[in-house]
Amino acid sequence: MKDRLKEFVDNVGYPRIIIGLFLLFLLISAVMLKLQMRSLITGILVRTGMNGILVLAMVPSIQSGTGLNFGLPVGIVCGLVGAVVSIEMNLSGFAGFTAAIIIGVILAVISGYIYGHMLNRVKGQEMLVGTYAGFSIASGMCMFWLLAPLYSPKMIWPYGGKGLRVTISLENTFDKVLNNWKAFDLMGVTVPTGLLLFMALFCFIIWLFSRSKTGITMQAAGSNPKFAESSGIDVDKARIIGTTISTVLGAVGIVVYAQSYGFLQLYTAPLFMAFPAVAAILIGGASVRRATIFNVILGTFLFQALLVVALPVTNAVLPEGNLSEVVRIIISNGIILYALTRIRGGE
């Protein structure tokens, strides 16, 4: 029995057990406080689906050896540009959603290629440089949002006739096209079928890619660069491929996130979006050298479930003033901080 318990702890890892027990505590508290469990479970499913591809973007970068992609805002900005161009073209529904992704992916391929070359020049400091690169791109794009030649009344400021608003509603474009596709109710819980299937599709594509010749070469270059180089593998090329795929997933991920959220957020909004994605995959059991699809799914679920359940429980326990918002910030940043201490895999 003792050996089995030890084997279970070794397989699952202390971080997952601690986070899982905390989530269980919150769920029990929610039941005791008579909160709407069906809406909470629906919220967990939606948030897992809307954040899943952004977390998945960490896998190619880790497998290729560039580590956690703190430069995720580079891809996110590409996706946002794709989305605003789609709105400018007056597209809606799946047509608008598809156009946003196609434009975002094209821009992300170019940006990811350049970003990959830059990371090859700063080997050993990819995560630090990536953070500043992401911050710089997101901040620099503030000028683009103000000066972009886009004039759709759905996006521009109501006065002046130019410059995009900070928050753009997707109500009349592609709001929740994935969430509502084939959605159904199960015992009062709304299952966002399209959203979850879309996330599963991309997980399958990355899983399939990791088993291809290029994927295996990329993993070999990431796990042992010197051995890979002596075997004739172009390590720099593999790192560029991994970075480009990660940037593309960032662009797709933000479009999926936005359609589920119902809004586009421009200007400085993308600055800190890499941190929850990094925290989620670390909580899921990944390290800076190893990441799997299972780490993505488990980490995204645990991270988002904690956020979804913690806020209403805090609201019920501390209804005074804005304490619940303060506690939410403490919990979300606390999870990120805890995850970053598990950067070696957290065993």
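α13 passes α14 in a right-handed crossing, meaning that the near helix is turned clockwise from the far one by less than a right angle. This report describes a predicted model, in which local features need pLDDT of at least 70, side-chain atom pairs count only at pLDDT 80 or more, and totals for chains, interfaces and linings use all residues. Residues are numbered from 1 along each chain as its sequence is written, and side-chain values use heavy atoms, with hydrogens and water left out.

**The α13 and α14 pair**

The two axes come within 7 Å and cross at roughly 115°; axes are lines fitted to C-alpha atoms over the stretch in contact, with angles from 0 to 180 degrees between N-to-C directions. α13 and α14 are therefore roughly perpendicular to each other, a term for angles of 65 to 115 degrees. Helices are DSSP runs (H or I, at least four residues) and strands likewise (E, at least two), numbered from the N terminus. Contact (heavy atoms within 4.5 Å) is made by P276, A279, A280, I281 and I283 of α13 with N295, V296, G299, T300, L302 and F303 of α14. These residues divide into 8 nonpolar, 3 polar and no charged, where Ala, Val, Leu, Ile, Met, Phe, Trp, Tyr, Cys and Pro count as nonpolar, Asp, Glu, Lys and Arg as charged, and the others, Gly among them, as polar.

**Pockets and cavity**

On a 1 Å grid over the protein atoms alone, a cavity is a set of points where a 1.4 Å probe fits but cannot get out, whereas a pocket is an open set with protein on both sides within 12 Å along at least five of seven lines; lining residues have an atom within 4 Å of a point. Grid points are joined across faces, edges and corners, and a volume is the space filled by probe spheres set on the points.

| Space | Volume | Lining by class |
|---|---|---|
| Largest pocket | about 890 Å³ | 25 nonpolar, 7 polar, 2 charged |
| Second largest pocket | about 280 Å³ | 5 nonpolar, 7 polar, 6 charged |
| Largest cavity | about 40 Å³ | 4 nonpolar, 4 polar, 1 charged |

The largest pocket is lined by 34 residues, with R47, Y257, M273, P276 and R328 nearest its centre. Both α13 (274-283) and α14 (293-317) are among the elements supplying at least two residues to this lining, while α3 gives the most, with 6 residues.

In the second largest pocket, α11 provides the largest share of the lining, 3 residues.

The count comes to 1 cavity of 30 Å³ or more. Its lining consists of S61, T66, G67, L68, N69, Y115, L119, E126 and M127, and α6 (93-120) and α7 each give two or more of the residues.

Terms used. Angles under 35 degrees count as roughly parallel, over 145 as roughly antiparallel, 65 to 115 as roughly perpendicular and the rest as oblique.
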